[in-house]
Amino acid sequence: MNDDRRALVLGVTGGVGDAVARVLCACGWRVTALHRDPARARIGRSDIDWVRGDAMNGKDVHMAARGCDLIVHAVNPPGYRNWRGLALPMLRNTIAAASAQGALILFPGNIYNYGPDAFPLLGEASPQNPLTRKGSIRVAMERELTRAADAGVRSLIVRAGDFFGPHAGNSWFSRGLVKAGAPLRSVTYPGRPDAGHAWAYLPDLAETMVRLAERANELAPFETFHFAGHGLPRGLDMAEAIRRVVERPDLPVRKFPWPAAYLAAPFVTTLREMLEMRYLWRETVLLDNTKLTAFLGAEPHTPLDDAVRASLQGLGCLEPGYMNNLVNFI
């Protein structure tokens, strides 16, 4: 183990940033996190070196990245707000810092880049013709990384579907399907019941990202891998998994209230941005991990029910009786 490896994680309080930071620490990396309020963020996370700063401030990112071999760019505009004004400037700050340090950029990609012409199975070479503003911005961000690689700044993109996990507080799983912090009374599913959907369990995704980053010397200066995760052939398969885990086969599965979202959208920015991405729930969208498994040998993969159980437990959704039975069983 090399204890001299250092990584800067931007967006460490988000689902991907948190998960990647945990894996990096477990693998012996020294992890630095940039945060506007490090005193609050460091509570319970003493394994990270916290630095005060803002990803929108190039000087802050440059100072935090000093001595780092890796920069994890997992920061996103909060609540989908002002992507055009924030996403690209933050990435450019990361590129400048990586250039100064000779660091690798590790970037979590998503499926916003694609339109229906690429469905149902997305490979690394699938055409990127997005239908939305956010999709166009994500394509532009990846083009920035491509140009940076031509100038000597290495980057690695790992693309995945919708996130879920014990610490994924801001996700479709925790904000849409279930209600965090309360025992389940129902499951809300936003998609077409028979349309396949790709889910990425964050601990598995983070392990994949770190394993790839640790072999970056074997990769091209700009590289992309697709993470299949739990590619469920029916959207309702996730709701059925939740039912199995809570041992409630009768748990109601409700439709997401899209009509109400349309009515409220003019007054709520987050709803407007969610509606823009609704097309991803109407058709089957899965990811092809052939390239990833050829390189790593296998994709880290927690069984679905185990992943759902850990997620519900982390989100505070399991009934107290279930936890008592689990303790007694152990």
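Two strands are taken to pair if DSSP finds at least two bridges between them, and strands themselves are DSSP runs (E, at least two residues), as helices are runs of H or I with at least four residues, numbered from the N terminus. This is a predicted model, in which local features need pLDDT of at least 70 and side-chain atom pairs count only at pLDDT 80 or more, while totals for chains, interfaces and linings use all residues. Residues are numbered from 1 along each chain as its sequence is written, and side-chain values use heavy atoms, with hydrogens and water left out.

Strand β11 itself spans residues 222-226 and is mostly covered, with 4 of its 5 residues buried (under 20% relative accessible area, with a 1.4 Å probe and protein chains only).

Next, select helices α4 (residues 83-101) and α5 (residues 133-150), whose axes, as lines fitted to C-alpha atoms over the stretch in contact, come within 10 Å and cross at roughly 15°. That makes α4 roughly parallel to α5, a label for angles under 35 degrees. Show the side of α4 with W83, R84, A87, L88, L91, R92 and I95, which meet residues of α5 including I137, M141 and L145, contact meaning heavy atoms within 4.5 Å.

Finally, select helix α8 (residues 236-245), which is largely enclosed by the rest of the structure because 8 of its 10 residues are buried, among them D237 and R243. After α8 comes E247, whose phi is positive, near 55°.

Conventions: Axes are lines fitted to C-alpha atoms, for helices over the stretch in contact, and angles run from 0 to 180 degrees between N-to-C directions. Angles under 35 degrees count as roughly parallel, over 145 as roughly antiparallel, 65 to 115 as roughly perpendicular and the rest as oblique. Buried means under 20% relative accessible area, exposed over 50%, partly exposed in between (1.4 Å probe, protein chains only).
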